[in-house]
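Here's a quick briefing to read alongside the coordinates.

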Amino acid sequence: MGSHGGATDEGQREILASYGITEETMGCPIRSSMEVVQLDNGGLELPLYMDKHAHDSDGIILVNRIKPHTAFHGTYESGLVKMSIIGLGKERLANAIHSFGIYGLKTLMPQAGRKILETGKVLLGVGIVENAYDQTAIIETMTPAEILEREPVLLDQAKANLPCFPLSEIDVLVVDQIGKNISGSGMDPNIVGRMRIRGEAEPEFPSIKSIVITDLTDVSHGNACGIGLADVTTRRLADKVDWDATYMNGVTSGFYEHFMLPIVAQTDRQALEWGIRASHDPLKPKKLVRITDTLHLDEMYVSKPALEEIKGKVEIIGQPVSLFDQQGSLIPF
């Protein structure tokens, strides 16, 4: 789990528990520790580490989603190779890889992953690919040698399955919630078209002038990674942030832009008003879109100018409504 959970064994255990993963529900021990064993790095530019419990075990089975990474694109992104390094290597190896920036992730991570797989400690990999509705589409088991061959193929399938907006240009996007359970970056940069990573190209699609985020999921435990991808947020979200946990994640990754606090509005209504102002061109009718989060694009609110552009591409399931209650809070989806 890298630096998640504040880079503490108890914090990582709490994250698992928030997903319902406990010793009682799983029927097996959960051994959470930040202690690592240093391995022979075989001449690599960085040291190699492995979780001590995993290293001392009879064998390791890696299980992870294979999907586009939220900070870079390469042959191996989020998946079993990354899990063998940033997962098994805990905060020590996560910090070492990220200290090299994009080069560390694109170039050094596959090299280090190959070294880890060659140790013989990993017995099997289980790769999971999801569809556009956040549902499991593929489960594939792989030997260590097959991981390096099959993961890029499964990554291409995951990229083809990514949900997307039905329009390419949006003036203001309102995202109801961000969170580590939604994306490693709180909200998926591949969906909103914002990487904000030095040395990595910005996505060509979609083009969003202003992004408003209004809340943080409870299971994020205050980790507001991705807050810096927005232009405006709310006091409600800002008050939920655990900056120690957030900064631990940010400093380990080295991608500080994702952790910067945007302008803070007192209410959801004010946040939208400020988002509209930040989109500029006040005489132009605004194409507004509101989503629950970047995992769920099957239903969204759109303004009339946006609807005019996407008619025929979508199913209209409701009539125009006000988005806010009398207190200026967004009505539930």
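Keep in mind that this is a predicted model. Leaving aside neighbours within four places in sequence, L93 is in contact with L46, P47, L48, Y49 and I85. L93 is also one of the residues with the most contacts inside the largest nonpolar core, a set of 42 residues.

**Nonpolar cores**

- Besides L93, the residues with the most contacts inside the 42-residue core are I85, L88 and I97.

**A nonpolar patch on the surface**

- On the surface, Y247, V251, Y256 and M260 make up a nonpolar patch, and together they have about 430 Å² of accessible area.
- Y247 sits in helix α10, which covers residues 243-253.
- With a relative accessible area of 44%, Y247 is partly exposed.

**R290, a buried arginine**

- Is R290 buried or exposed? Its relative accessibility is 2%, and the cut-off for buried is under 20%, so R290 counts as buried.
- You'll find R290 in strand β10, residues 288-291.
- What does its side chain pair with? There's a polar contact of 2.7 Å between the side chains of R290 and D176.
- The R290 side chain also reaches the backbone oxygen of I331, at 2.7 Å.
- Not counting residues up to four places away in sequence, R290 touches V174, D176, M300, Y301, L323, L330, I331, P332 and F333.

**Salt bridges**

- As a bit of background, side chains of opposite charge can pair when their charged atoms come close.
- Searching the whole structure turns up 18 salt bridges.
- One of them joins the side chains of D56 and K52, at 2.7 Å from N to O. D56 is partly exposed at 47% relative accessibility, and K52 is partly exposed too, at 30%.
- R65 and E130 meet through their side chains in another salt bridge, at 3.5 Å from N to O. This pair links distant parts of the chain, with R65 in strand β3 and E130 in strand β4, 65 residues apart. R65 is partly exposed, with a relative accessible area of 28%.
- E309 and K287 also form a salt bridge, at 3.0 Å from N to O. E309 belongs to helix α12 (residues 304-310) while K287 is in the loop between α11 (268-278) and β10, so the pair ties together parts that are 22 residues apart in sequence.
- How do the two partners compare in accessibility? E309 counts as partly exposed at 34%, whereas K287 counts as buried at 11%.
- There's a network as well: D215, R236, K240 and D268 are joined by salt bridges that share partners.

**Backbone details to look at**

- The peptide bond from F205 to P206 is cis, with omega near -5°. P206 is in the loop between α8 (189-192) and β7 (207-213).
- Where is H221? It's in the loop between β7 and β8 (232-234). H221 isn't a glycine, yet its phi is positive, near 55°. Its relative accessibility is 35%, so H221 counts as partly exposed.
- D281 isn't a glycine either, and it has a positive phi of about 55°. This residue is in the loop between α11 and β10. D281 is partly exposed, with a relative accessible area of 39%.

Conventions
Residues numbered from 1 in each chain as written. Predicted model: local features only at pLDDT ≥ 70, side-chain atom pairs only at ≥ 80, totals over all residues. Heavy atoms only, no water. Core = buried A, V, L, I, M, F, W, Y, C linked by side-chain atoms within 4.5 Å. Buried < 20%, exposed > 50% of the residue type's maximum accessible area, 1.4 Å probe, protein only. Contact = heavy atoms within 4.5 Å. Patch = residues over 30% accessible without salt bridge, like charges linked within 9 Å, V, L, I, M, F, W, Y side chains within 5 Å. Areas by Shrake-Rupley, 256 points an atom, 1.4 Å probe, with all protein chains shown as cover. Salt bridge = Lys/Arg side-chain N within 4 Å of Asp/Glu carboxyl O. Helix = DSSP H or I, 4+ residues; strand = E, 2+ residues; numbered from the N terminus. Polar contact = N/O pair within 3.5 Å; in protein donor to acceptor, adjacent residues only side chain to side chain.
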